[in-house]
Amino acid sequence: MNRNGLFLAIIFLFQGIFMHAHAGTVTVDFENAKDTLGDQNWFSSGYGEVYQGPGTDCDYLPDYTGYDPHLLNIGNGVTINNVQMGAQPDWVGSYWGCFSVSSVNGVNGTPDGSSNFWLQDLNCYAAYLNANNTTSGNGGSDYYLVAYDGDACGFGPCPALYFNESVSVQSFYLNNTNWAVSGALGGDSFARPFETGDWFRLTVTGRDGDGNVTGVKEIMLIDYLGDTLNYISDWTQVDLTNVSSIDDAIFLDESGAYLNSYGNTPDDVTDFIDLLIAGEVTNTFEGVETLEFRTSGTDGGMYGLNIAAYFALDDLVYWVADSIPEGAGLPEPSAFWLLIVGVVSVCYFRKSPKRQ
């Protein structure tokens with residue numbers, strides 16, 4: 001290798017080492033979730049299997065706000081919350097909430113207008129059926145997350161993802177579930193068929209390590225605000241890097257006011273949205289350690305939402321930069337590169353023979 005080639009090779013080597021040491025993009029596809037969670041607590045039907053949680057030892061909180069969830073490490077620096085209860089206490093009955101891992105790829109039978117249909121044969125864990133009447137994870141993968149937002153129905157908490165360190169969340173793929181769409185189209189034991197003006201929304205909230213809201217992003221899962229009922233019917237990417245404008249973040253009515261609905265939005269999230277509308281805060285999913293997911297909509301009553309508060313999630317992408325200890329004095333990237341180029345250049349030219 002000549003000196004010019006060696007010089008460039010050294011530069012690129014330093015670049016690779018520096019970037020690898022201080023940054024990385026992680027994609028969480030949940031395909032290894034079963035290996036991480038273990039073989040226990042998986043339940044199967046003819047259409048796949050679901051991780052339903054470590055058992056019935058979740059406590060019902062004394063203030064009646066809902067169950068205290070399990071926190072489950074699913075790998076790739078991400079933890080999910082999960083509630084899975086049997087008939088304890090007896091008056092509450094069986095209950096599951098937050099996130100579970102699913103490989104269910106179809107629905108057993110034809111919806112009969114009852115909610116019991118969806119609670120049998122793991123039907124409630126199915127992401128929305130595609131044109132081939134089958135379902136799977138994004139891109140045809142086997143496993144994905146399915147969520148039930150008990151917080152929207154008075155049982156709490158909401159589904160949440162927790163990161164091992166502060167990250168910049170880039171995107172994830174989102175899909176409806178069959179139960180939610182079926183309820184909007186034809187109703188069930190709880191939900192009524194949607195009419196013009198109805199909608200079903202997912203609100204994603206980013207929080208930093210101190211629990212402060214950093215950003216909000218909303219997606220309409222089912223939308224009948226116009227003349228046509230529209231709904232997400234396939235895996236759809238949600239971009240969290242472009243949420244600076246109001247239109248990219250939240251939904252407003254014709255007067256510019258926030259869309260109120262059935263569900264449960266914490267006061268600090270509502271306050272953040274008010275400040276965002278007023279242009280007094282920056283909306284971002286950088287510096288995030290927790291992602292919370294809450295559903296809301298127009299079909300509800302005294303206990304919260306009537307429509308099934310379900311959604312499916314896959315292929316989460318986040319970026320992490322290794323923290324630099326305070327006072328370490330590492331230069332900014334531009335200064336770092338000037339330093340490296342200068343050092344290598346001096347060595348190069350001092351070693352080079354004089355031209356004749």
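Student: Why is cysteine 98 called buried?

Tutor: The model is a predicted one. In it, cysteine 98 has a relative accessibility of 1%. Buried means under 20%, so cysteine 98 counts as buried.

Student: Where is cysteine 98 found, and what is its phi?

Tutor: Cysteine 98 belongs to strand 6, residues 95-102. Its phi is near 70°, a positive value in a residue other than glycine. Most residues other than glycine have a negative phi.

Student: Why is aspartate 315 called buried?

Tutor: The relative accessible area of aspartate 315 is 15%. The cut-off for buried is under 20%, so aspartate 315 is buried. Aspartate 315 lies in strand 17, and its phi is positive, about 50°, although the residue is not a glycine.

Student: What makes serine 100 a buried residue?

Tutor: Serine 100, which lies in strand 6, has 0% relative accessibility. With the limit set at under 20%, serine 100 therefore counts as buried.

Student: What does the side chain of serine 100 reach, and how do you know that this is a polar contact?

Tutor: The side chain of serine 100 reaches the backbone oxygen of tyrosine 51 at 3.0 Å. A polar contact requires a pair of N or O atoms within 3.5 Å, and the value of 3.0 Å for serine 100 and tyrosine 51 meets that distance. Leaving aside neighbours within four places in sequence, the residues in contact with serine 100 include Tyr51, Asn82, Tyr125 and Leu145.

Student: How do you know that the buried residues of helix 6 line one face?

Tutor: In helix 6, residues 267-277, the residues Val269, Phe272, Ile273 and Leu276 are buried. Viewed down the helix axis, the buried residues of helix 6 fall within an arc of 100°, so they line one face. An α-helix has 3.6 residues a turn, so residues three or four places apart point the same way. The cover over the buried residues of helix 6 includes strand 9, strand 10 and helix 5 (246-249). Glycine 279, which follows helix 6, has a positive phi near 75°.

Student: Why are strand 4 and strand 5 said to pair?

Tutor: Pairing requires at least two bridges. Strand 4 (residues 70-75) and strand 5 (residues 78-85) have 5 bridges in the antiparallel sense, so the two strands pair. Glycine 75 has valine 78 of strand 5 as its bridge partner. The hairpin has 2 residues between the strands, and asparagine 76 there takes a positive phi near 60°.

Student: Which residues lie nearest the centre of the largest pocket, and which element supplies the largest share of its lining?

Tutor: The largest pocket has a volume of about 770 Å³. Its lining comprises 32 residues, and Tyr95, Leu119, Tyr148, Trp179 and Phe190 lie nearest its centre. Helix 3 supplies the largest share of that lining, 3 residues.

Definitions and conventions:
Residues are numbered from 1 along each chain as its sequence is written. This is a predicted model: local features need pLDDT of at least 70, side-chain atom pairs count only at pLDDT 80 or more; totals for chains, interfaces and linings use all residues. Side-chain values use heavy atoms; hydrogens and water are left out. Helices (H or I, at least four residues) and strands (E, at least two) are DSSP runs, numbered from the N terminus. Buried means under 20% relative accessible area, exposed over 50%, partly exposed in between (1.4 Å probe, protein chains only). A polar contact is a pair of N or O atoms within 3.5 Å; within protein, one must be able to donate a hydrogen and the other to accept it, and residues adjacent in sequence count only if both atoms are side-chain atoms. Contact means heavy atoms within 4.5 Å. The arc is that of the directions from the helix axis to the C-beta atoms. On a 1 Å grid over the protein atoms alone, a cavity is a set of points where a 1.4 Å probe fits but cannot get out, and a pocket is an open set with protein on both sides within 12 Å along at least five of seven lines; lining residues have an atom within 4 Å of a point. Grid points are joined across faces, edges and corners, and a volume is the space filled by probe spheres set on the points.
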